Amino acid sequence: MMQAQFQSVSDFLNMGGYGFYVWLSYGVAYVSLAILIGFTLTRKGRVLKEIAAKAKREQRLAQHRSAKE
C-alpha cells in the first residue's frame, strides 16, 4: 500500500523548505518550453510563406520565359 510523503498540501508546496526553488525551477522550465514552442511555430509559418512566395515567383518566371519563346 502506498503511503503519502506529505501530511498536507501546504507541506507538499513547501517541499521541506525548498519549495520556492523547486516551483521556480518548474516555472522556468515550462516558460522556456512555451517560448521555444511559440518561436518554432512562428518561424515555421514564416518559412512556409517564404517558400510559397518563392514557388510563385519561379512559376511566374517560367510562364514569362515560355511566353517569350
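Leu-61 lies in helix 2. Helices here are DSSP runs of H or I with at least four residues, strands are runs of E with at least two, and both are numbered from the N terminus. Leu-61 is partly exposed because its relative accessibility is 42%. The cut-offs are under 20% relative accessible area for buried and over 50% for exposed, with partly exposed in between (1.4 Å probe, protein chains only). Leu-61 and Val-31 are 30 residues apart in sequence, and their C-alpha atoms are 45 Å apart in space.

This is a predicted model: local features need pLDDT of at least 70, side-chain atom pairs count only at pLDDT 80 or more, and totals for chains, interfaces and linings use all residues. Residues are numbered from 1 along each chain as its sequence is written, and side-chain values use heavy atoms, with hydrogens and water left out.

## Overall shape

The protein chain has two helices and zero strands. Its C-alpha trace spans about 85 × 30 × 10 Å along the principal axes. The radius of gyration is 27 Å, whereas a compact globule of 69 residues would have a value near 11 Å. That radius is taken over C-alpha atoms, and the globule rule is 2.2 Å times the number of residues to the power 0.38.

Of the 69 residues, 1% are buried. The accessible surface comes to about 6700 Å², and carbon and sulfur atoms account for 64% of that. Areas come from the Shrake-Rupley method with a 1.4 Å probe; for residues, only the protein chains shown count as cover.

Met-15 sits in the loop between helix 1 and helix 2. Met-15 is not a glycine, yet its phi is positive, at about 50 degrees. Its relative accessibility is 22%, so Met-15 counts as partly exposed.

Trp-23 belongs to helix 2. Leaving out residues up to four places away in sequence, Trp-23 touches Phe-12, Leu-13 and Met-15. Contact means heavy atoms within 4.5 Å. Trp-23 is partly exposed because its relative accessible area is 34%. Ala-55 is 32 residues from Trp-23 along the chain, and their C-alpha atoms are separated by 48 Å.

## Aromatic cluster

The whole structure holds five aromatic pairs. One of them joins Tyr-26 and Tyr-30, which are stacked at 6.4 Å centre to centre with 20 degrees between the planes. Rings of Phe, Tyr and Trp (its six-membered ring) pair if their centres lie within 6.5 Å; planes under 30 degrees apart are stacked, over 60 edge-to-face, and the rest tilted. Both tyrosines, Tyr-26 and Tyr-30, lie in helix 2, four residues apart, about one turn of the helix.

Tyr-26 is partly exposed because its relative accessibility is 44%. Tyr-30 reaches 57%, so Tyr-30 counts as exposed. One aromatic cluster takes in Phe-6, Phe-12, Trp-23, Tyr-26 and Tyr-30. Of these, Phe-12 lies in helix 1. Phe-12 is partly exposed, with a relative accessible area of 35%.

## Nonpolar surface patch

Helix 1 (9-14) and helix 2 (19-68) each supply at least two patch residues. Helix 2 gives the most, with seven residues.
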